[in-house]
Amino acid sequence: MAATIDHSATAGSVVVMEKTDKRDFLIDIEKSAQSSWQSSRIFDANAPPLPEGVPSYAEFFATNQSMSDVHAKHPKWFGTFPYAYMNGSLHLGHAFTISKIEFAAGFERMRGRMFCSPLDTMPQECPSRQVLACGHADPIQASADKLIREMEMFGEDFSGFSAADATVEPEIPTPTPAKSLESVDPSKAKKGKLNAKSTGLTYQFQILELIGVPREEIKRFADPHHWLHFFPPIAKEDLNSLGARVDWRRQFLTTDANPYYDSFVRWQMNKLHAQGKIKFGERYTVYSPKDGQPCMDHDRQSGEAVNPQEYTGVKLEVLEWGKGVSGDVLQAIGGRKVFMTNCFVGPKLTYGIYEASDSELFLITDRAARNMAFQGTFDFDRGIYRNVIDISGADLIGTKVRPAFGLVEEVYVLPMEGVLATKGTGVVTSVPSDSPDDYRTLLDLRKKPEMYKIDPSWAAVDPIPVLSTPKYGDMAAETLCAQLKIQSQRDVKQLAEAKDLAYKEGFYNGVMLVGDFKGQTVAEAKPQVRQQMIDRGVAIPYAEPESEVISRSADVCVVALVDQWYLDYGEDEWKGVAKKLLERMNTYLPETRNAFEAVLDWLNQWACARSYGLGSRLPWDPQFLVESLSDSTIYMSYYTVAHLLHQDMWGGKPGSLGITPDQMTDAVWEYVLGSGDLPADSPVPVEKAAELKYAFQYFYPLDIRSSGKDLIPNHLTFWIYNHAALFPEHHWPRAVRTNGHLMLNGKKMSKSTGNFLTMREATRKYGADAMRLSLADAGDDITDANFEETVANAAILRLHTACMWAEEIKAAESTLRTGAFNDFDRGFRTEMDALIQGAYDAFDKWGLYDFENARNWYRTICAPENGGPGMHHDLVFDWVRANALLMAPFTPHFSEHIWQTILGEKSSVQSAAFPTPSGPIDAAVLGQLEYMRGVVDSIRSAEALVSRRKGGKQKAPTPSYDPSKPKQARIYVASDFPEWQNKSVQLVREAWDEASNTIDEAKLRSSLDAAGLNKDKRAMPFCQLFKRKVLATGPSAFNRSLPFSELDTLSLLRPLIKASLKYGECYVTSVDEANTILGTEGEKEGWSKERAEANSKHFER
């Protein structure tokens, strides 16, 4: 449609609409279709009726009827994707993931399957027919708490806010004695994970204003439950506008606000607890001091999939302070023992001396002290740590310390350039025999003591071997630095590679050379040495996050050692079953499978309880809530029965079975979803319980789960673990597909840069079908996809043109040709059949535009102005019908318009079946079509070549060609290939190895030389092209005979050649006939012996 394109502009400005009539026409079609679908409830999905002769659901199970037989008669398809948090509007990235299930659901429905494909949005749910699920409110609770603090600062109407406050961090009271630590990276602070990502805004009320909430309404969002009333209807409206196939009867809240869902979670957690999968104990966990509870993945603004990293803090007692240490430091120490955790320090870092007990002090970074305060390292209340005094790293250089279990009595503190305050305690262990960094630093210090301001004697101790490896000997660091030519501690890239090599070889293949565990492998000795050092008081256990984790409350998290309930992921037996499930499951892409396997290898115990937020209570310990990633692992099974249990998403009104929440006990749920018998005293009558069980067993297992790849390290792997534990194998999920993130116009989506579109904005700007078509075009693998606004704009024109053409054809229906099919008709029919079959066989790879191209060729070749006979009525309307059906999964509104308005169908296209070929597909006809399409382009290219050809100094003059004069063409058709081509093909065959599909280039060159073809200017380019064909198609490349008559085909094409190239005449002559005429009559105008002998499609004018 008419628009101005500016590729450098931000989203919403890349395409500036100048005329919107075509888009508005399509949107009117969409609204009409959506209204019809909603009023007819066409997306409501129900389990099929009981088999004939079975009087009741209870009897179905009492007589051991087969659900497999039900599935055989009524095939089903059940697909879902993870719900989004309902703390903002759905954006284009959500639409991209939704579209994968949407397109698949449309196709599965068309091939006769009852489909249930819930659309999930957290806190609420709905099948695909799809379902909307709205769930946890950890981010909602955090956002509501932010608003409360902001209203305390600025007033309920935020009138006290000024622009100067935009960068001021509010004072936030903390629930624990520890201070909260705001992120040093301002881009990671004060933002909700989804609704505020990359907004560049400081406060929650600003974010709500940004997404269209009036300021006077914002104070209501201080109540977290208001979010659950406000955003789900918006999501529902946006999904309806997208044309999503949603069964809204199945929507539900995934918190205890819905008592039915709450009972479902209780059953899940109780069953896992009874199986021993949930345990209680002291363990390390990522923890937010500000929130006073563990900070799991969905509680984080940043740092998803970051876990605790455990270390051993080796205690080195300070024997003598360096000359740079001031008297103030010595006075603050007051004669107490000070321990460092080793002898390399960052000279530019600031350290602190912290009280560990009444008699001991630790010299570490503030960050390390903050972590230790939550790990029981200090003799104080949890979260309390006391700084005695700060000291710079430069002042510590030259301090003498006693190494724990050292082979020398004393060493000196030395400077190291790569020490980070954000890693470990900021004081680095020195093992120069096996650490390339330490070894190279030691050499640098020895080489330039003056530059590093050290006494050479401080670095005089030579590296002492402590372990030996087969690959690098007993001085791995020295060997690797030599091999990788590492010249300085500033060779960061090479040192990182050397460190990785040394540590892997040392751990897996190293053998101890010293100490009590001499002779043992490093893998065996490491935990024993650690425990021995801790037992003797010369080391401490220490842990910290692998990298920075920011909570939703903008707190920099620590690792805390806490007593907590946890899911025992990683336990050998459970892991084995989870791996078995993954092995049986289709992941579509090897990258997805590899990612799952990696996570299953490292994933360990996971805290499943928290004290903050919204959700269900832990049944046996109700002071805790179930953690948000732990109760959202099998909710897909709840979709199957939600509409039977309650009428609204809150569960306030019982559903069609009249069951109340209190009746859904663990025993009833186990009967419905598990393998238990229904108790005799069941509060739910047996027939109603059996109906629930029938609905579940019909739709389960899940046929596919579609998600972003970023959920593999947590939600999706938990989904595997929980299904493996709670369901029998025949109810394990069958497939999972993952996609990358969605870029917009080739750039990362970001609100702060303006490169951002919500689902609503995109639908309003381009219409639903054009947006859906662009999402289909955006990408389909695990790499990041790209939504181009120019593609969406072009889709408007394409869809509008298709509608107008269909209407024109309908208006001109009486003028279309009827009767028997000619060659063009048969070709078009065959090509349609082939494309329909190809679409069905590989739905996610079929060529959407190929079907349109087939129509365009048929229309061109049949056009009377091109000498054609006109299009055949039946074929044209067959194409219109098939095109509407093929497009229906992607553009259902367009297809509905064509289906009912043009084709006059009374039913909805949503109920139509996928098209099928009219009969067997004739490969010869397809080959003929491909040949015909290339002829006109070949002749046009040849004409252009002739027009550019000029005679050289030593060449005979070339006949001049005047394109303005009348033209005619003569096409010579050979019955055989030239001998030089046949010989070249034979030589390529001899050089090709079919088993490896490779060509011996040296052998081919030698053969061409021997045959005298290396100097033939035609042979070498031909061989290059033919080699590529062989490598691409294999043995079939050597079958060069055409399955149709080339002479007859070109004769059939003559009228089109004349019309499209504006020739006065076009002759098609066989080479044999031409040679006969030339032999008897000689060369004359329009006849060329040279052309005939070239025996390819040349022409004379």
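At what angle do helix H21 and helix H22 pack, and how far apart are their axes? In this predicted model, local features need pLDDT of at least 70 and side-chain atom pairs count only at pLDDT 80 or more, while totals for chains, interfaces and linings use all residues. Residues are numbered from 1 along each chain as its sequence is written, and side-chain values use heavy atoms, with hydrogens and water left out.

Helix H21 (residues 666-673) packs against helix H22 (residues 686-699) at an angle of about 45°, the axes lying 8 Å apart; helices here are DSSP runs of H or I with at least four residues, strands are E runs of at least two, and both are numbered from the N terminus. Axes are lines fitted to C-alpha atoms, for helices over the stretch in contact, and angles run from 0 to 180 degrees between N-to-C directions. H21 and H22 are therefore oblique to each other, since angles under 35 degrees count as roughly parallel, over 145 as roughly antiparallel, 65 to 115 as roughly perpendicular and the rest as oblique. Tyr671, Val672 and Leu673 of H21 make the contact with Ala689, Ala690, Leu692, Lys693 and Phe696 of H22, where contact means heavy atoms within 4.5 Å.

Beyond H22, tyrosine 700 and proline 701 are joined by a cis peptide bond with omega of about 10°, and proline 701 lies in the loop between H22 and strand S32 (704-708). Most peptide bonds are trans, and most residues other than glycine have a negative phi. Phenylalanine 158, however, has a positive phi near 60° and lies in the loop between helix H5 (138-154) and helix H6 (204-210).
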